Amino acid sequence: MFRPDRPIRTYLLWLFAALLLVIGIPQYSNAQKIGSFLGSNVPDLLDLSRKKASCCNAAEKDPTAFTPFASPEYETYRLTATYYSLRGGLTTTLMLNNKGAQPILAMPTFYSMAGTRLRLAPITVAAASYLDVDMHQLLAGAGDEFQEGSFRVAYEGISQQLGAQVKMVDAANKLIWAEQLVYGTKFVSSRLETVWWLPFGQTETRVAVSNTSNGTVTVTIEVEGTAPLQSAPVNITLAPWETRVLDIMGDLVGNGNGIVKSKGG
């Protein structure tokens, strides 16, 4: 309350103090709220801001700074085909499909029926494209030993970037064999199953068995869909990368005079 007996300077000091409270308290209060929210006091908050600005500016100037969405590193992947043949007038084609945004080199390795290895020059497959390779031309200088067997295609890139298929067509342009190459990681079981279907009475069927490893493998083959029936499964041993094409009745059932039914496996 104003009292005339008090000096005027007393009221001026009170007014000055009140102005300090009005201006200073809200700023202090807001600073305390921010500091409490971040679990730090105001000096730490200011220091953090300076550090953040320094860090970000340095990253913008450094072209080698870490980028969180950088391209993944390339790895080597391998796809395997059980069987191919260039005999009997067949047209045999290897289809390579690059599903990635970068070109890749497909590196084929062929194995004869006995497991002899032949490495060929890499095949360039452009980005996001496919090509059909005539395997007669591809193996023109390989000799008779590699007229049939198995093969593997390797490439460096990202997972599942390359798709591949081998197909064989006879002189009447009828498809007699088509196989999609598989990645090694897809062999998740030691038990493999297949089926056959004979659309015509004159159709012949064979079983191709291939060892796609560097070690010896013993295979047990059981057949259903024959007359007479197979009396017992047949055991065969395959050397590394060896391939055998087996006659169902003669080699597996043991009765060359029997018949293969229209459906079996």
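Biologist: In what order do the 4 strands of the open sheet run?

Modeller: Happy to walk through it; bear in mind that this is a predicted model. The open sheet has 4 strands with antiparallel pairing. Two of them, β6 (129-134) and β9 (175-180), are edge strands, each pairing on one side only, and the twist averages 15° from one strand to the next. The order is β6-β2-β8-β9.

Biologist: Nice. Which residue in β6 is the bridge partner of Leu96?

Modeller: Let's start with the strands themselves. Strand β2 (residues 91-98) pairs with β6 in the antiparallel sense, over 6 bridges. For Leu96, the bridge partner in β6 is Leu131.

Biologist: Now to the aromatics. Is the pair of Tyr111 and Trp241 stacked or edge-to-face?

Modeller: A search of the whole structure finds 7 aromatic pairs. In the pair of Tyr111 and Trp241, the ring centres are 3.9 Å apart, with 5° between the planes. Planes under 30 degrees apart count as stacked, so the pair of Tyr111 and Trp241 is stacked.

Biologist: How many residues apart in sequence are the parts that this pair ties together?

Modeller: Tyr111 belongs to strand β3 (residues 104-112), while Trp241 sits in the loop between β15 (234-238) and β16 (243-247). Both Tyr111 and Trp241 are buried. Given those two locations, the pair ties together parts whose separation in sequence is 130 residues.

Biologist: One last thing: which residues form one aromatic cluster with Tyr77?

Modeller: Good one to finish on! The cluster is made up of tyrosines, Tyr77 being one of them.

Definitions and conventions. Residues numbered from 1 in each chain as written. Predicted model: local features only at pLDDT ≥ 70, side-chain atom pairs only at ≥ 80, totals over all residues. Heavy atoms only, no water. Phe/Tyr/Trp six-rings, centres within 6.5 Å; stacked < 30°, edge-to-face > 60°. Buried < 20%, exposed > 50% of the residue type's maximum accessible area, 1.4 Å probe, protein only. Pairing = 2+ DSSP bridges. Axes fitted to C-alpha atoms, helices over the stretch in contact; angles between N-to-C directions.
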